[in-house]
Amino acid sequence: MRSVTYSMGVSLDGYIVDPQGSLDWGAPDPEVFRFVTDETRELGVHLMGRRLYETMLYWEDADPGALDASEREWAALWNPLPKVVFSTTLGSVRGNARLASGGLAQEIERLRAEPGEGGIAIGGATLAAEAASLGLIDEYRTRVHPVLLGGGIPFFPRSERRVDLELAENRTFASGVLYLRYRVKREASH
């Protein structure tokens with residue numbers, strides 16, 4: 001069965017954007033960018049909300065001549081990657097994206113049942129919070145940046161539900177970014 005992951009950069013105090021909505025604090029250095037590119041190679045589909053979709057449209061429209069070699073490599077992976085966009089306000093999407101035809105649980109169930117390689121990634125805190133509340137996330141992958149933002153959009157959903165995790169991998173980058181990959185502990189069914 002295809003695994004569902006939630007992977008994003010996060011501040012040490014747990015936010016994915018600062019109080020002004022900026023992501024500039026999380027711009028990856030070349031080492032982290034290479035790591036994210038390699039992580040993207042493992043994906044079969046990316047689920048996202050409207051805000052992340054609109055942010056990532058940059059890569060659809062980027063002039064290849066204005067990108068460096070690592071950015072061209074990223075765009076060559078990202079643009080053909082199938083994407084499912086969850087939005088109640090968008091009437092259409094571009095590139096290799098489609099609007100979700102069902103709810104999040106139904107889309108993930110359908111994607112898990114389809115034959116195919118690569119994991120299912122969820123991007124964006126709102127969509128990830130819904131997936132977490134439904135118990136659909138198998139792994140949390142954080143790139144913790146050495147910065148305190150004091151507020152913004154939190155990485156982790158605020159809910160009453162406890163989720164036990166086990167550390168699967170960690171890595172420290174020269175820039176001080178810490179990568180943590182946790183698997184959700186699942187009770188064995190009898």
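Reader: What volume does the largest pocket have, and what makes it a pocket?

Author: Its volume is about 1,400 Å³ in this predicted model, a volume being the space filled by probe spheres set on grid points joined across faces, edges and corners. On a 1 Å grid over the protein atoms alone, a pocket is an open set of points with protein on both sides within 12 Å along at least five of seven lines, whereas a cavity is a set where a 1.4 Å probe fits but cannot get out; lining residues have an atom within 4 Å of a point. Of the 49 lining residues, Met-8, Leu-23, Leu-52, Thr-55 and Met-56 are the closest to the centre of the pocket.

Reader: Which helix gives the most to that lining?

Author: H2 does, with seven residues; helices are DSSP runs (H or I, at least four residues), numbered from the N terminus. The lining divides into 24 nonpolar, 15 polar and ten charged residues, where Ala, Val, Leu, Ile, Met, Phe, Trp, Tyr, Cys and Pro count as nonpolar, Asp, Glu, Lys and Arg as charged, and the others, Gly among them, as polar.

Reader: How many cavities of 30 Å³ or more are there, and what lines the largest cavity?

Author: There are two. The largest cavity holds about 50 Å³ of space, and its lining includes Met-48, Trp-78, Lys-83 and Arg-94. Helix H2 (residues 50-61) gives the most here, with four residues. By class, this lining has six nonpolar, no polar and three charged residues.

Reader: And what about the second largest cavity?

Author: Its volume is about 30 Å³, and among its lining residues are Gly-135, Tyr-140, Arg-161 and Arg-186.

Reader: Why are H1 and H3 called roughly parallel?

Author: The axes of helix H1 (residues 30-41) and helix H3 (residues 69-78) come within 10 Å and cross at roughly 20°. Axes are lines fitted to C-alpha atoms, for helices over the stretch in contact, with angles from 0 to 180 degrees between N-to-C directions. Angles under 35 degrees count as roughly parallel, so H1 and H3 are roughly parallel to each other.

Reader: Which residues make the contact?

Author: Among them are Phe-33 and Val-36 of H1 and Trp-74 and Leu-77 of H3, contact meaning heavy atoms within 4.5 Å.

Conventions: Residues are numbered from 1 along each chain as its sequence is written. This is a predicted model: local features need pLDDT of at least 70, side-chain atom pairs count only at pLDDT 80 or more; totals for chains, interfaces and linings use all residues. Side-chain values use heavy atoms; hydrogens and water are left out. Helices (H or I, at least four residues) and strands (E, at least two) are DSSP runs, numbered from the N terminus. Angles under 35 degrees count as roughly parallel, over 145 as roughly antiparallel, 65 to 115 as roughly perpendicular and the rest as oblique.
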